[in-house]
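I open this notebook page to record what I looked up, entry by entry, in the model shown below.

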Amino acid sequence: PTSNDTASGLIVKATIETNTQGIGAPLYMQANGQLKAADATTSATSPCVALAMDAVAGSEKRILVHGVMVRTAWTWVTGPGTSSLIYLNTTTGTLTQTQPIGTDQVIQPVGWALSATAIYFNPSGIYLTHV
């Protein structure tokens, strides 16, 4: 994809209960099977399993489960090693390139930067929590 707020990959439809952050927001699955904006403050609001492809919550909303997404609002850093990694952020509905470090916070790599405005989204099913 080359246009803003577009993606290529495994895109499906799901019910999103809460997403005030809009397109590109990381989402986690609740016990009822609905998705909600994720954050890394605790394992109760994670792990990230998808990115929102629609700006609002509701039923039959598109989500990116795996693939490439472009957002011109992003300003990712690329480079070797861990410098390109993208993590679930402690701020609800956002991603970061800074690994969370607080007690009980979740460290979950969700992909890596392909450019300043594109990520390869491949959320890890394995994540750690700080003790």
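Where is the place of Asp39? Working in what is a predicted model, I found Asp39 in the loop between β3 (35–37) and β4 (50–52).

I next looked for a charged partner and found none within salt-bridge reach: Asp39 is buried yet has no salt bridge, and the nearest side chain of opposite charge, that of Lys36, is 8.8 Å away. I then turned to polar contacts, and noted that the side chain of Asp39 makes one with the side chain of Thr41 at 2.4 Å, while another, of 2.8 Å, joins the side chains of Asp39 and Thr45. Leaving aside neighbours within four places in sequence, I listed what Asp39 is in contact with, including Ser46, Leu88, Asn89 and Thr92.

My last entry is on aromatic rings, for which the count comes to two pairs. One of them is formed by Trp74 and Trp76, 5.6 Å centre to centre with 50 degrees between the planes, and is tilted. I count Trp74 as buried because its relative accessibility is 11%, under the 20% limit, and Trp76 is likewise buried, at 11% relative accessibility.

Definitions and conventions. Residues numbered from 1 in each chain as written. Predicted model: local features only at pLDDT ≥ 70, side-chain atom pairs only at ≥ 80, totals over all residues. Heavy atoms only, no water. Phe/Tyr/Trp six-rings, centres within 6.5 Å; stacked < 30°, edge-to-face > 60°. Buried < 20%, exposed > 50% of the residue type's maximum accessible area, 1.4 Å probe, protein only. Helix = DSSP H or I, 4+ residues; strand = E, 2+ residues; numbered from the N terminus. Lys, Arg positive; Asp, Glu negative; His and termini not counted. Salt bridge = Lys/Arg side-chain N within 4 Å of Asp/Glu carboxyl O. Polar contact = N/O pair within 3.5 Å; in protein donor to acceptor, adjacent residues only side chain to side chain. Contact = heavy atoms within 4.5 Å.
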